[in-house]
Every structure is written in C-alpha cells, then in structure tokens.
Amino acid sequence: MARDRYSGDGAGRRRYGSDDQMRGGRPNGRGDRSRSYDRAGAPRGGGRGGSGGYRGGSGRGRGGVQTDLLHSDLAHENIPRRTVALGVLGAGMLAGIAQLMDYQVVNAGTYRDRADERRVSSQTLFAKRGAIYDRNGNVIAQSVECENVYANPKLVEDVDKTVKVLVDVLGMDAEDAEEKLTRDKTFVYLQRQVDEVLAAELGEHDLPGIEFEPSIMRVYPYGRLASQVIGVVNIDNDGLSGLEKQYNDVLTGTNGWIVRERARDGSFIAGGAYEKVEAEDGADLVLTLDMDIQQAAEEALAQAVEGSHAQSGSVIVTDPRSGDILACCSNPTYDQTDLANASSADMNLRIVTDSYEPGSVFKAIVSGMAIDMGIVTPDTEFAVPAEIKVGDDWVGDADNRNYGLTMTLREIMRRSSNTGMVMVGEKIGADDFAAYLDEFEITSPSGIDFPGESAGTIRKREEYDGASLGAMSFGQGIAIAPVRVARAIGGIANGGVMTTPHFVQACAGERVDWTEGEKRAIGTEAASQVTSMMVTVVDEGTGTDAQIPGYDVAGKTGTAQRATEGGGYAEDIYMSSFLGFAPASDPEVLVYITLDGTPRGSNAACEPFVPIMSKALSVLGVDRTR
C-alpha cells in the first residue's frame, strides 16, 4: 500500500508523493521538488523560523537556515561536495608524493648527510709531515705522534671532578674547561697536540665523556737553532714560514679518516658502521745546512750584535761553487715552540726578507764591471780628490783627508775610497752600469728557495738622476736583499759564474739539480783580478781583522749610512758589513755578515767572520793554503 512521505515538521510539512513515485531517492523521479507559493509568488518557508526558504530533512528553522549535508540535493550545487572532497583528498596525496620525492630524490643527499651527521662520527687520521735533515743526516724537524683531547659533554658525569683533573694534568684554565664541558654538544676539543705521556696520564683517570684522537705535532731536536730557516707550522700542520712554507706541498701528506657509528647519546656503537682510510705521510727534505756551522754562525752573530750594540744582524754561509747554503741566520731570533713570545720581525730571515744599501761591499761588483769592460786593470791609476760632487752633495773618504791622492784601482779597494769609486763609476758610464746590474742579476730575484725575498729599491736606467751613478758606485742609492749581493760576489769567487743559493739538497729521496740557475756575470780573468784585490784588502787594508791563520782570505768591508724614512741619512747609525771567501785561490766557503744599526765603523762585522769561517773550513776539512 502506498504511503505518503513527508518531510519537515508541523506547519512546514509537505507531501512529496508515494513510495512508488520515488526514483533514485528524488521526488517524482525527477530532480525537482514540489513547492507552494504565497500570493505574492514567493515560496513559503513554513515553521517558526520566520520567512526562511525551504528546509529539507528534519532541520529546524530557529537561528537561521540549516542544511542537511547528508541528504541535501547535490545536483543543484555550484561545486558538488563530492568534487570538493575528492579534490582535497587528491591535493593531500599530491603533497605527500611531493614530500616523498623531496626526501627520496630531489634532496636525498642532503637529508642523508644530515642523518649521517647525527648517526656517524668522522675522525681525521693525520698524516705525518715529512722530516727535515741537515746535510749530514741530522734530524732538524720531525713530526711525532700525540693526542688531541676532546669531550662529549653529554657523557660527562661529574663536571667538577673532570675540571679539576684537566687543570691538574693538562694545565687548562678552570673556567674554560667548565664552559666546554657544559656545552650542549657531543664534541668539543679540550686541548690539541697533547704529549702522549700527558695523554696517558689523563687516560688513567678514566673520566666519562673524555676521549682521545691520534694527532701529529712538530718537534725540533736542535731547539731554536735554524728556526728562521726551518720556519713553523700551525695547529693543522700547515707551513706558515720558512722552508715549512716554501716546501709545504712536499712535506704535507694526505690525511686519512675513520668513520664510526654513534648511538643517540654520542657513544660509539659496538659492531656499528666502520670505515678507515690510512693516512699517507709527506716526503722528507735533506738540506744543505751543516748544523755545526749553523751553531757557530748563530753564536758569533749574537755576540757581535750585543758587542756592537747593533739593532740586528744577519749571516749567510755558502759554497760559491754550488750555491749550497751551509748556514744562515738573523739575530734577534725566536723559539718556534714559544710563538706567543715571538715577534714577526724576529721570525724573518733578514738576509732574504730585508733590503739594505750594501755600502762598500758593492765596490767589488763595480770593480768587476770596469775590469770586465777592459777600461781598467787593478793597476790603473786615478787622481783621486779629497771630495767629489755626486748630484748636489759632496762625497769624501772615511779618512777625512783634505788633499788628493794618486791611487790605483787596487789602492782604491784597499782604502775603500768612495771618491775613487765614483771616478770608476764615471768611467763605466750609466748605460753600461745599468746593463751590468742586469748581468749580475741584482735587479732580479736570487732564485733562493725561500719565501718573501725583498725586491729592494733599484732604479731603472731611465730613472737615473744626477746622483744615481755616483752613489751606486760606492754602494749607496740602491737597496737590495743581502742574498743578492752574496750571489753576485759568489760569482766572482767562482770564476765569474754565479750559482743559485739554495737550502734543499734532496727532496723525497731525489737530489735537486740547481745548475739551471747558473749564470756568468763577468769573465774568468776579470773575476780573478777582483779576487786578487780583495786579498789585498784583507792582507793590508780595511779588512785585516778578518785574517785567518793558514789561509788566504779575499774580502771586502762595508759601511753604509742608514737611510731615514723622511729622506736623507741618520747620524752615527751605520750598516756594517763584511763579505769574504776562502781559500781565495780555490774558494770553498763564502761568509757574508751584516750588522744593522751599529754606531761604529766597518770592522764590527769582521769580528764574527773569523770564528764562522774558521769553523766552516774545519768542518769541511779544507786544507791550509798558507
């Protein structure tokens, strides 16, 4: 029996029709509804909700229109709710897929690295830096094993106890130790490069959270000897100065590593992930230095600086035949194990890094120019006045005479006459003088295997003024690194052929060939004649304090005024120097000494020459010649 269906309540009730008229849950089998209208043609709302529109289901009109979301008509909505629901679901699925793609494809490496940072620990295995030996096989610098001490603050159980032990054993500052132990981290260095004995002592306390990693540190068996030559390394074993810097790529090995898996609290997981790559040690260097000669040079120089009240001094000892540097140092010096109390100036190897006016030592080079040109011989005479004008200034000799003298070139060298050398320079002429500066490579780097060579102050030919030629003829008006002077006069000692000054004899087991840097500056005969005049200087002239019993010594003294920053020269402050080689007949050793800031004359540099040269001749077993 057909029943009427009603929707609504009370006065708002409507009849839709019988059950068999319902299709698909819609009245009359269609999507429309039967409606009633008032006289004005507006649909009737019914119920107590006022004049609101049609209400489906059992909703009440009170408080406004309500819709039965479950049974309301979907066909008459602008955007069906089924579509909205599916859209929201689809968007969520797309977002999830995008996030999954980001994690697994796009940024997979980044997320993996972040996870690994939390999960694994990578520890560096430091490579041993190559050792440095002197020419006799003595170890000058080497790397030894040590320990880096670090903490995992999350595993430290008793901060106060741990701090006390760190202070007692490692000498740490208590506040610094406490601050590090209470950080919100799983790793913090407490002290690096700790001696293994101290590390072992600390390990005996078995402090939770205190751990160790193997490391490498540099040690110097000869202490501060040759410290300026060797140089220093930083905490990561990279060369900062000296040969450590010059040959850093050779000495530095390749670090390895260990990767181990950690638990959430930072402790290592037994049987967890583990990977190890061994370190490859650096190559060794064998130097040309002889540590016995080096020690003699440093001791004699220190005494000379103190005795002459000089501000600083330098020494270089070479074999002029090969360019081997047997010793080299400056004073003051420094201790490479106490850098906190070392000044950057004391770390400099001044023979290379500083430049000076060479003074009268340069007269040997100027004499070589003139003789090689064939315009003079050691016996050529000059009418030398008491004073001679150089630019706007008058130049005289150290003897302060007020009369002229006839001098040969040999006598000019013996007396170290400034006025006489100005006349020699005038004979050479500005063009040839500049050309010979290039022949002696005064204008070029010396080629020494050491960082930071000073370029000096050398005028180009087109920059010469009225005083340039005359001033340079006696070693002023030109500032150069002493190593260049040593190389040039070493060429005179070696028959006119200059060799390259160098420190390294062998690298990684292979002997280094330095012959490519050889350069002829003047002819053999010219070099021999200059050497003869330099023997006269030591035997009879200004260099008699440099005589060594049993040997013929060739040498030249130098006293240069010290230029001031404001121009001109300082009063009573000089650069005293002496360069000599022996035996003069067959030179095997050359010694060049400079004392900067001496208040007295040139002989101050002769005093350290004698013990240094004597030691070198003895160590090398050079036979007596007199």
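# Close-up views of a predicted model

**Figure 1. Packing of helix 9 against helix 19.** In this predicted model, helix 9 (residues 291-308) packs with helix 19 (residues 606-619) at an angle of about 170°, and their axes are 9 Å apart. Angles over 145 degrees count as roughly antiparallel, and helix 9 and helix 19 are therefore roughly antiparallel to each other. Helix 9 contributes D292, I293, A296, A297, A300 and A304 to the contact, while helix 19 contributes P608, P611, I612, K615, A616 and V619. Sorted by class, the residues of this contact comprise 10 nonpolar and 2 charged, with no polar residue among them.

**Figure 2. The largest pocket and its lining.** The volume of the largest pocket is about 1,000 Å³, and 41 residues line this pocket, of which V395, N418, F474, Q476 and Q561 are the closest to its centre. Two or more lining residues come from each of strand 14 (387-390), strand 15 (393-396), helix 16 (468-473), strand 21 (554-563) and strand 22 (569-582). Strand 21 gives the most to this lining, with 5 residues. When the lining of the largest pocket is divided by class, there are 15 nonpolar, 16 polar and 10 charged residues.

**Figure 3. The largest cavity and its lining.** The count of cavities of 30 Å³ or more comes to 3, and the largest cavity has a volume of about 90 Å³. This largest cavity is lined by 14 residues, of which T318, G323, A486, R487 and T499 are the closest to its centre. Helix 17 (482-493) and strand 17 (497-498) are the elements that give two or more residues to the lining, and helix 17 gives the most, with 5 residues. The lining of the largest cavity has 6 nonpolar, 6 polar and 2 charged residues.

Figure 4. S416 is placed in the loop between helix 13 (409-415) and helix 14, and its phi is near 60°, a positive value in a residue other than glycine. With a relative accessible area of 13%, S416 is buried. Helix 14 is followed by G429, which has a positive phi near 90°.

**Figure 5. The cis peptide bond between N331 and P332.** N331 belongs to strand 12 (residues 325-331), and P332 is found in the loop between strand 12 and helix 10 (344-347). The peptide bond that joins N331 and P332 is cis, with an omega of about 5°. Buried residues have under 20% relative accessible area, and N331, at 16%, is therefore buried. Apart from residues up to four places away in sequence, N331 touches L301, A302, V305, Q311, S312 and G313.

Figure 6. The peptide bond from A582 to P583 is cis, and its omega is near -15°. P583 lies in the loop between strand 22 and strand 23 (589-598), and strand 22 is among the elements that give two or more residues to the lining of the largest pocket.

**Figure 7. W514 and its surroundings.** W514 lies in the loop between strand 19 (510-511) and strand 20 (519-520), and at 18% relative accessibility W514 counts as buried. Once its neighbours within four places in sequence are left aside, W514 is in contact with Y247, G447, D449, T500, H502 and V504. W514 and S322 are 192 residues apart along the chain, whereas their C-alpha atoms are separated by 8.0 Å.

**Figure 8. Q193 in strand 6, with the protein as a whole.** Q193 is placed in strand 6 (residues 188-194) and has a positive phi of about 55°, although Q193 is not a glycine. Across the protein there are 19 helices and 23 strands, and buried residues make up 46% of the 626 residues. Among the contacts in the protein with a separation of 6 or more, 69% are accounted for by residues 24 or more positions apart.

How values were computed. Residues are numbered from 1 along each chain as its sequence is written. This is a predicted model: local features need pLDDT of at least 70, side-chain atom pairs count only at pLDDT 80 or more; totals for chains, interfaces and linings use all residues. Side-chain values use heavy atoms; hydrogens and water are left out. Axes are lines fitted to C-alpha atoms, for helices over the stretch in contact, and angles run from 0 to 180 degrees between N-to-C directions. Helices (H or I, at least four residues) and strands (E, at least two) are DSSP runs, numbered from the N terminus. Angles under 35 degrees count as roughly parallel, over 145 as roughly antiparallel, 65 to 115 as roughly perpendicular and the rest as oblique. Contact means heavy atoms within 4.5 Å. Ala, Val, Leu, Ile, Met, Phe, Trp, Tyr, Cys and Pro count as nonpolar, Asp, Glu, Lys and Arg as charged, and the others, Gly among them, as polar. On a 1 Å grid over the protein atoms alone, a cavity is a set of points where a 1.4 Å probe fits but cannot get out, and a pocket is an open set with protein on both sides within 12 Å along at least five of seven lines; lining residues have an atom within 4 Å of a point. Grid points are joined across faces, edges and corners, and a volume is the space filled by probe spheres set on the points. Buried means under 20% relative accessible area, exposed over 50%, partly exposed in between (1.4 Å probe, protein chains only).
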